[in-house]
Amino acid sequence: MLEVYHFVNPLSGDSLETEKKLASYVTTATEKIALQVVPVMTMQSVHETAVALGHPEQEQVLSQTMYRFILDVKAVQFQGKKVARRFLEAAQTAIFSGQPYTDEFVMGLVTDIAADQTLFLEDRNSDLTIQAYRADHNMAAEMGVTQFPTLVVYNTNGANHASRTTDFSDESLRSLITPSASHQLNTYDGYLHNGHVTRSEERRVGKECRSR
């Protein structure tokens, strides 16, 4: 099985496009794939997003919005990874069309994707959601993710193999997300260098949080 981690900046149009592209590959793949879209916020990504939007002076406000958005994605994710991906994509599409990220908008979107509003409200500000957010941040750092979007593919079939890339071209995705993908991946040795990744305690905790 392939574990696919798609690290994204939730307020980046590039990330939205790669989310859609990757989803189409996963849908048609013959290999069993566990896809996890992981929204992450860093000081650098907030700064770059503010500059790209032409409002560098609003970096603090953007940071608060991005943080709230990511926590909401994590809260929805407790109800399933697929429903969380629907929430993320629908919210991104609306935001990029000029929709302000308000509580009213969020609750309407939760209803639209058929998620449970009561559970969402319970999880939205819970310590567990914050822990899941931090676990994802640790996992991104541990896997050497410094740009968004970034893809990490881990093959669990027998010998451990993994690869990290920022190349979302058709050729790159075909070479990684195929039944023979293990031949394209680096041998896992527990470290970050040369594209290798690790499965440390932080990653295990993160997965437990997301599978509550």
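What follows is a chat about a predicted model of a protein chain.

Trainee: Hi! How many helices and strands does the protein chain have?
Mentor: This predicted model has 9 helices and 5 strands. Along the sequence, the pattern runs β-α-β-α-α-α-α-α-α-β-β-α-β-α.

Trainee: And how much of the chain is buried?
Mentor: Of its 212 residues, 48% are buried.

Trainee: Okay, which residues have the most contacts inside the largest nonpolar core?
Mentor: Those are Phe-69 and Phe-87, in a core of 31 residues. Helices H2 (43-52), H3, H4 and H5 each give two or more residues to this core, and H3 gives the most, with 8.

Trainee: What does Phe-87 touch, leaving out residues up to four places away in sequence?
Mentor: Quite a list! Phe-87 touches Phe-69, Asp-72, Val-73, Val-76, Tyr-101, Val-106, Leu-109, Val-110 and Ile-113.

Trainee: Now H5, please. Which of its residues are buried?
Mentor: H5 covers residues 103-112, and Phe-105, Val-106, Met-107, Leu-109 and Val-110 are buried there. In an α-helix, residues three or four places apart point the same way because there are 3.6 residues a turn.

Trainee: What do those buried residues pack against?
Mentor: They pack against helices H3 (59-77), H4 (81-96) and H6 (117-124).

Trainee: And what follows H5?
Mentor: Ala-114 does, with a positive phi near 65°.

Trainee: Changing topic: what is the accessible surface of the chain?
Mentor: About 10,300 Å², and carbon and sulfur atoms account for 50% of that.

Trainee: Last one: among contacts between residues at least 6 apart in sequence, what share joins residues at least 24 apart?
Mentor: That share is 68%.

Technical notes:
Residues numbered from 1 in each chain as written. Predicted model: local features only at pLDDT ≥ 70, side-chain atom pairs only at ≥ 80, totals over all residues. Heavy atoms only, no water. Buried < 20%, exposed > 50% of the residue type's maximum accessible area, 1.4 Å probe, protein only. Helix = DSSP H or I, 4+ residues; strand = E, 2+ residues; numbered from the N terminus. Contact = heavy atoms within 4.5 Å. Areas by Shrake-Rupley, 256 points an atom, 1.4 Å probe, with all protein chains shown as cover. Core = buried A, V, L, I, M, F, W, Y, C linked by side-chain atoms within 4.5 Å.
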